[in-house]
Amino acid sequence: MPSVVGLLEQRELGARRRVDELREEADRIQAELAVAEREWQEWAIARSRVGEVLAPKNETGQDHAQADQAVPTAERQGATAPQAAKPKAQVPMWREGLAWSVLSVDYQRILQMGADRARLGQGPVTCQEMAAEFGMEVVPARVEALRSKAKRLVARGWLAEPAAGQFTPARGAAQPGGGS
């Protein structure tokens, strides 16, 4: 007969996997949204520029009246188009020669800690160790946030996870410049 704790652990593992899958899907959608919003803004800017070029100039200083009518109020005031949601830091797929600088500082810190441990022969790092090293409270919320970031780095080829919850730099991605 299976133990209650064992059954709970199985269910917890299943729920964690589902959360990881949903986070990956949300990240993918956020990245697509950011690209679509950028494209939309570029078209709005292009339309604005064409309007400025085509607007007739007159002596009264109202040289861009037609362009102003064609451009939304927020853009005339110098604001960018509103975003539906703040985009998360994007993690590109690792490839040879890709520098760590393409990643946000948080992801670079995770990679640096893994690289330092590997260089010193200390083995993989856990998310609890990361939290403590980064001066965070070692509480489930902080640890899970780091785990999510580390898993994202694993999925994109920057980190490897030789054992559950233990992270080390992936082959080739061990150096800040992208070399091994």
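Predicted model: local features only at pLDDT ≥ 70, side-chain atom pairs only at ≥ 80, totals over all residues.

Reader: What do Arg18 and Glu21 form?

Author: Side chains of opposite charge can pair when their charged atoms come close. Arg18 and Glu21 form a salt bridge, with the closest N and O atoms 3.9 Å apart. Arg18 counts as partly exposed, because its relative accessibility is 47%, which lies between the 20% and 50% cut-offs.

Reader: How many salt bridges does the structure hold?

Author: There are eleven salt bridges in the structure. Another joins the side chains of Asp116 and Arg119, at 3.1 Å from N to O. These two residues are three apart in helix 4 (residues 105-119), so about one helical turn separates Asp116 from Arg119. Asp116 is partly exposed at 25% relative accessible area, whereas Arg119 is exposed at 60%.

Reader: Which residue does Glu129 meet in a salt bridge?

Author: Glu129 meets Arg117, the N to O distance being 3.3 Å. This pair links distant parts of the chain, with Glu129 in helix 5 (residues 127-133) and Arg117 in helix 4, twelve residues apart.

Reader: Is Arg117 buried or exposed?

Author: Arg117 is buried, because its relative accessible area is 16%, and buried means under 20%.

Reader: Which residues do salt bridges with shared partners join into one network?

Author: Glu25, Arg28 and Glu32 are joined in this way into one network.

Terms used. Residues numbered from 1 in each chain as written. Heavy atoms only, no water. Salt bridge = Lys/Arg side-chain N within 4 Å of Asp/Glu carboxyl O. Buried < 20%, exposed > 50% of the residue type's maximum accessible area, 1.4 Å probe, protein only. Helix = DSSP H or I, 4+ residues; strand = E, 2+ residues; numbered from the N terminus.
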